[in-house]
Amino acid sequence: MELTLKRTLVIDDSRAIRELLSAELKNLGVQEVVCFENGATALDYLHENPGKVDGILTDLHMPRMDGLELLHKLGEMNYQGGVIIVSAMEERIVQLAVQIALSLHVHLLGSLEKPINLERLAQLLFRLKQVRGVPVRPLELIKKRELIERLEQGHVLPYYQPKVDIQTKQITGVEVLCRLDNPERHEIISPDRFIPVAHRFGLIDLLTDTLMAQCLAEIRSLRDWDALPHDPALVSINLLPSQLYNDSLPARCTSICDHIGFDRSRVVFEITERQVLSEPAQLSTLDRLRIHGFGVSLDDFGTGYTNIRQLRELPFTEIKVDQCLIQHIVSDRVSQVVLESLIRIAAELKMTLVTEGIEDIQDYLYLEQAHHVIAQGYLISRPKPIHELERWMHAWYKEHGAANIRQIR
Ligand code: C2E
Ligand code: CA
Ligand code: CA
């Protein structure tokens, strides 16, 4: 999906840099670029235009207010856009900037060294678009009637994307990603086109229940499912934050698991942090899912609202680091330091850490040599239907050795 950004700021005391960045950002599809010579005037502008600025590119060394102080102030004013630092980042500054970003929840997206490399600028802008972009052309949502038809005719298709331990190559689980089948038109409909419709017309719980019953039964019938590890859990299912308002959720999910004979401790619910999670009703459902034995994962971490203090207080068993922090991590010291901090925090809080969106072999190799994480992404496997997943699992173990699987046949 092609995305665009409405407005970004460029803060730099060098006029040449301001002009270069402004021209390039417009080339890359930003609709409006507003430039400032220092952080103080930029902050005034942000206070006068709340919610109107998608991203900020800022120098670190400027008269009146340096970049770290600016990061602090952005955190204090709860700025929700992305921030890119345009400056050489010494190691000490990277560490400080990441600390500020994680504790005050500033979306620090990376750094751009001078002289400016346009390919790197494009990468960072892509990240910003993932966090804040709006579609150039609105997505074509399906009609309510079609959704009901698909549900009634049993055309809900679970696709599975495996997750692997990047060190041991053990398959640690699968994320279930919903598709709708339209056999007449030979079309597989992607979730972006129907999840918003299901949400809007009150059909999302029915969709989740249908998908859950179907995917647990399919996984249960996999020849090797008993051989997969119990810890971390096996099946991840997505929920919208709004579904936590329905207090029947834990009981419904429990009854689906019990009916199929699926151990609840092997199911994790992923809840995106793109929307705020703070209402008592939502938190209480999260707690109750935990009490019923399910795992809960904070999805898309790095794109939303949770700061480290909240992370410590919420009952999550897993953090799923968003692809915008993982893509190009091999050449991005800021993302590397963010991931290192998150790995430490996850270990301290006894949470599983999953990195998603691994597409590039260089990023994979970096993660493999630097960290013990669970990894998911197109490079390992695209989401696929159950019979293809089974074939993929066999091929994977053939390639990486089946030492860790107890009884693969
Ligand atoms: P998500 O939960 O963040 O899922 C990850 C998305 O990233 C999936 O898109 C997956 O196919 C894609 N992905 C995986 N690896 C890579 C990679 O290496 N590179 C890139 N660029 N993308 C990768 P998908 O399947 O289109 O799903 C989109 C979103 O729809 C999901 O994002 C999730 O929020 C939502 N969704 C899917 N199924 C359900 C569901 O059953 N219930 C709810 N509430 N939401 C769902
Ligand atoms: Ca997810
Ligand atoms: Ca995600």
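1. Start at the metal. In this predicted model, the calcium ion (ligand 2) is held by four residues: Glu175 through OE, Asn238 through OD1, Glu270 through OE and Asp299 through OD. The coordinating distances run from 2.1 to 2.4 Å.

2. Now look along the sequence. The donor residues of the calcium ion (ligand 2) follow the spacing E-x62-N-x31-E-x28-D. Find each one in the structure as you read.

3. Aspartate 299 bridges the calcium ion (ligand 2) and the calcium ion (ligand 3). These two ions lie 3.9 Å apart.

4. Glutamate 270 sits in strand E11, and aspartate 299 sits in strand E12. The pair is 29 residues apart in sequence, so it ties together separate parts of the chain.

5. Are these two buried or exposed? Glutamate 270 has a relative accessible area of 0% and is buried. Aspartate 299 has 6%. Buried means under 20%, so aspartate 299 counts as buried too.

6. Turn to the largest pocket. Its volume is about 2100 Å³. It is lined by 49 residues, and the closest to its centre are Met1, Pro191, Asp192, Arg274 and Asp300.

7. Which elements give two or more residues to that lining? Among them are strand E1 (3-11), helix H5 (118-132) and helix H7 (191-200). Strand E11 (267-272) and strand E12 (295-301) also belong to this group.

Note on methods. Residues are numbered from 1 along each chain as its sequence is written. Chains are lettered from A and ligands numbered from 1 in the order in which they are written. This is a predicted model: local features need pLDDT of at least 70, side-chain atom pairs count only at pLDDT 80 or more; totals for chains, interfaces and linings use all residues. Side-chain values use heavy atoms; hydrogens and water are left out. On a 1 Å grid over the protein atoms alone, a cavity is a set of points where a 1.4 Å probe fits but cannot get out, and a pocket is an open set with protein on both sides within 12 Å along at least five of seven lines; lining residues have an atom within 4 Å of a point. Grid points are joined across faces, edges and corners, and a volume is the space filled by probe spheres set on the points. Helices (H or I, at least four residues) and strands (E, at least two) are DSSP runs, numbered from the N terminus. Donors are N, O and S atoms within 2.8 Å of the metal (3.2 Å for Na, K and Ca); water is not among the atoms, so sites may look incomplete. Buried means under 20% relative accessible area, exposed over 50%, partly exposed in between (1.4 Å probe, protein chains only).
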